[in-house]
Amino acid sequence: GGFEDWQILIDKVRGGKRYNFALRLCKIARAYQYQFNEEQLYIYKFLYTRALADAGQLHKAEIMLRNLLKENKSDPDRKASILNQLGVVSTRLGDTKQALRYQRACLELIPESNKRAVANVHNQIGYNYRLLDDFGRGNRKKAQQHFQKALDIATSIDVQLSDEQKKHNRRLIASAANNLGYIYGKDRQYDEADQLFQRAIRTWQSIGETREIARAETAQGILARNRGFYDQAIRFLSNAISRLVAPDDHQMLCRAHFHLGWTQWFMAVDYITGEVDFRTLRDAVDSLRKSRDYAEKYELQQEQPGVYHQLASVLWRLGMLTDDPNVCKEARELNQMAYSLSCKLNDIRYAVDSLLGEAEFDLDIGKEDLIEEYAQELKENFERKNYNFPLYYGRMRRIQGDFAFARRDFKSAFSLYAEGFYLINQHGGFGPYLIEHELRHLSQKMQALPTDDAIKWLKYLQEKWENLPRRHQRIDLLFWCTQEIQQTQLSS
């Protein structure tokens, strides 16, 4: 009948990712809802909330889904579907822990025999654990286990499915392979990551969903940028953007422009010579502004703190280089927005990063009055709670050390450097914050000291680092000390 035709049409339109059209079809059907039987009315309401979420009206979708959950609390099948959809909405709204609670409750309601549904929820649970990577090292491992489970289950049932079911199932296989690839990449197992990305791409191609390939290209772009392969990263991310269609792909466009802007920023500054390519720096601003527009227009709160903070960092650099106080003022405001929104959303990664941004901006202008306050806040609110951010904790100590060095308080400076560089080296850094770049700056500072002082402080660092455990260390700091000491002796 008419209702079934409408339902098939909605699925088709949604499969083609024409989300605004799907929402219009739901609004048209609203006029007929008094003719629906009870089952049809539930399906209508559920598809309507999903269409709202797809179109970026997340708060409205969440309110409707909560009401729908109350109306259907005695029906386990419906309850599972609604909890799953609430989980998806919570993830996009940036409430990852709540999303996990919804998805776990959903998993408990699904019978083991419904393997497709079980695999789908494992993929979503994995994704939420991946977002919680920074809350402890164990979460990345959990993400990997759930993605692997999703991939194994979906692969094992593929042969017995109908063609229409196969399409949905392969969408899931591609998504789980792509998610797993990203986890391997984060663990620096690049060969495995690449094989999984290729598997995801081939699977999307086999079902004719080439726009989804942008997900793999975005992940590959991020990993290439983290390794310093900026040309390659820009190629991946530009390819992703050219595949996507606005406004329906708003979430992927928001992310791809964000990572493109971030990559252009790292590429614009040569951290060895200090030279700046202004055109690429302005391109970075444009890309990040595009990302911001998508994040704000489609309520993508989960993306907003990162966009505001990275845009602030690029604008600050531009403002400092062009000596433009208005641009620097805009950067400050954006960074403070990033900090308050991160705290509100419990986005620890960007709360820490934007707090550090304030300290870096102050270091650039030699303003020391708030630095101890920032450092204290970072220690109390984040470091003591064991959030896993050695790179940022290390950089804060290095900034404090730079201020002490400028005051010629070398005892404080080198005590802070000893801790700071050890922490940075646990992560290894990326872009301008690579441990190699940080050590190059330290070496330049050493060269400004009298030879005897430089050797004394290098030996001090060497002694401190000798007494610290060497696991999780990216480069050998003791080897670095030996080379610096010998070099300093030569130039005396």
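The expected span of a helix is 1.5 Å times one less than its number of residues. Keep that handy for the first of these close-ups, which come from a predicted model.

**View 1. Helix α11 and its surroundings.** Helix α11 takes in residues 213-226, and its 14 residues reach 20 Å from first C-alpha to last, close to the 20 Å expected. Since 12 of those 14 residues are buried, α11 is largely enclosed by the rest of the structure. The buried set runs I213, A214, A216, E217, T218, A219, Q220, G221, I222, L223, A224 and R225. Their cover includes α9 (163-186), α10 (190-206), α12 (230-243) and α13 (250-268). After α11 comes G228, with a positive phi near 85°.

**View 2. Helix α4 against helix α5.** Here the axes of α4 (residues 58-71) and α5 (residues 76-92) come within 10 Å and cross at roughly 155°. Angles over 145 degrees count as roughly antiparallel, so that is how α4 sits relative to α5. The crossing is left-handed. On the α4 side, the contact is made by L58, A61, E62, L65, R66, L68 and L69; α5 answers with K79, I82, L83, Q85, L86, V89, S90 and R92. Sorted by class, that contact has nine nonpolar, two polar and four charged residues.

**View 3. E303 in its loop.** This glutamate belongs to the loop between α14 (278-297) and α15 (304-322). Is E303 buried or exposed? With a relative accessible area of 11%, E303 is buried, as the cut-off for that is under 20%. Leaving out residues up to four places away in sequence, E303 touches Q251, C254, R255 and A295.

Note on methods: Residues are numbered from 1 along each chain as its sequence is written. This is a predicted model: local features need pLDDT of at least 70, side-chain atom pairs count only at pLDDT 80 or more; totals for chains, interfaces and linings use all residues. Side-chain values use heavy atoms; hydrogens and water are left out. Helices (H or I, at least four residues) and strands (E, at least two) are DSSP runs, numbered from the N terminus. Buried means under 20% relative accessible area, exposed over 50%, partly exposed in between (1.4 Å probe, protein chains only). Contact means heavy atoms within 4.5 Å. Axes are lines fitted to C-alpha atoms, for helices over the stretch in contact, and angles run from 0 to 180 degrees between N-to-C directions. Angles under 35 degrees count as roughly parallel, over 145 as roughly antiparallel, 65 to 115 as roughly perpendicular and the rest as oblique. A crossing is left-handed if the near helix is turned anticlockwise from the far one by less than a right angle, and right-handed if clockwise. Ala, Val, Leu, Ile, Met, Phe, Trp, Tyr, Cys and Pro count as nonpolar, Asp, Glu, Lys and Arg as charged, and the others, Gly among them, as polar.
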